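Hi everyone, thanks for coming. I'd like to walk you through one model this morning, so let me put it up on the screen.

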Amino acid sequence: MHELALAENMLDIAKDELARHGCSRLKLLRVEVGAISGVVTDSLLFGFEALTRGSVHEGAVLDIVRVPLRLACGVCGTEFEGESLARELSPCPGCGEVFGHRVLSGRELQVTWIEGE
C-alpha cells in the first residue's frame, strides 16, 4: 500500500514545517489529491490515522481536497472536465474530438495547508 508511505512523507513535511514555526503538535494537514493521481483517498486517510495514533499528533485532521480532472482539447483548445482516467475518450464539448487532450489539473498530490500548536 503506497498510501501509507505517502501519509508518512506528508507527516514528515508537516513535522518539519511545525518545527520551523515553533509548534509541536499537528492539528490539521490539508492535501490536494487529483482525480488521476492514482491515490486511494480512503487508504491515505487510514494510513494517516494509523501513523498518528498514540503520538502527540493523535486527533489531527487530514483534510483531503479532491481535484477534478480538467482537460484542454488539443484541437480547439476548449477547457472541460474529463469523465475518467481514459482522458483520451472524453469528448470535447466544443468540437467532439476524443484524442489529444492536455491535462490541466487532476494529477496533483500536494500538501497545501498545515496547522499546528
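Let's begin with a single residue, T52. T52 counts as buried, because its relative accessibility is 4% and the cut-off for buried is under 20%. Where does T52 sit? Its place is in helix α2, which covers residues 41-52. Setting aside the neighbours within four places in sequence, T52 is in contact with L11, H57 and E58. Please keep in mind that this is a predicted model.

Now for the surroundings of that helix. α2 lies across β1 and β2, and it runs at about 160 degrees to β2. Those strands belong to an open sheet of 3 strands, ordered β2-β1-β6, with mixed pairing. Which strands stand at the edges here? They are β2 (61-67) and β6 (109-116); each has a single partner strand, so one side of each is left without a neighbour in the sheet. On average, neighbouring strands of this sheet are turned by 15 degrees against each other, direction ignored.

Strand β1, residues 26-34, runs parallel to β2, and 7 bridges join the two. If you'd like a pair to click on, R30 has D63 in β2 as its bridge partner. Helix α1, residues 2-20, also packs on this sheet, where it touches β1 and β6, and its direction makes about 45 degrees with that of β6.

What about V40, on the way into the helix? V40 lies in the loop between β1 and α2. Its relative accessible area is 43%, so V40 is partly exposed. For a sense of distance, V40 and E115 are 75 residues apart in sequence, and 24 Å apart in space from C-alpha to C-alpha.

The largest nonpolar core has 16 residues, and the members that touch the most others are L26, L29, V31, L44, F48 and L62. At least two residues of this core come from each of α1, β1, α2 and β2. Which element gives the largest share? That would be α1, with 6 residues.

Which residues does L44 touch, leaving aside its neighbours within four places in sequence? It is in contact with E3, L6, A7, M10, V31, V33, V39, L62 and I64. Apart from that core lies another one, made of 7 residues, including I36, F80, C92 and V103.

Finally, let's turn to the other sheet. Here 3 strands form an open sheet in the order β4-β3-β5, and the pairing is antiparallel. The edge strands are β4 (79-81) and β5 (102-105), and each of them pairs on one side only. From one strand to the next, the twist averages 35 degrees. Strand β3, residues 70-72, pairs with β4 in the antiparallel sense over 3 bridges.

To come back to our examples, β1 and β2 run parallel, whereas β3 and β4 pair in the antiparallel sense. That's my tour, and I'm happy to take questions.

Key. Residues are numbered from 1 along each chain as its sequence is written. This is a predicted model: local features need pLDDT of at least 70, side-chain atom pairs count only at pLDDT 80 or more; totals for chains, interfaces and linings use all residues. Side-chain values use heavy atoms; hydrogens and water are left out. Two strands pair if DSSP finds at least two bridges between them. Helices (H or I, at least four residues) and strands (E, at least two) are DSSP runs, numbered from the N terminus. Axes are lines fitted to C-alpha atoms, for helices over the stretch in contact, and angles run from 0 to 180 degrees between N-to-C directions. Buried means under 20% relative accessible area, exposed over 50%, partly exposed in between (1.4 Å probe, protein chains only). Contact means heavy atoms within 4.5 Å. A nonpolar core is a set of buried Ala, Val, Leu, Ile, Met, Phe, Trp, Tyr and Cys residues joined through side-chain atoms within 4.5 Å.
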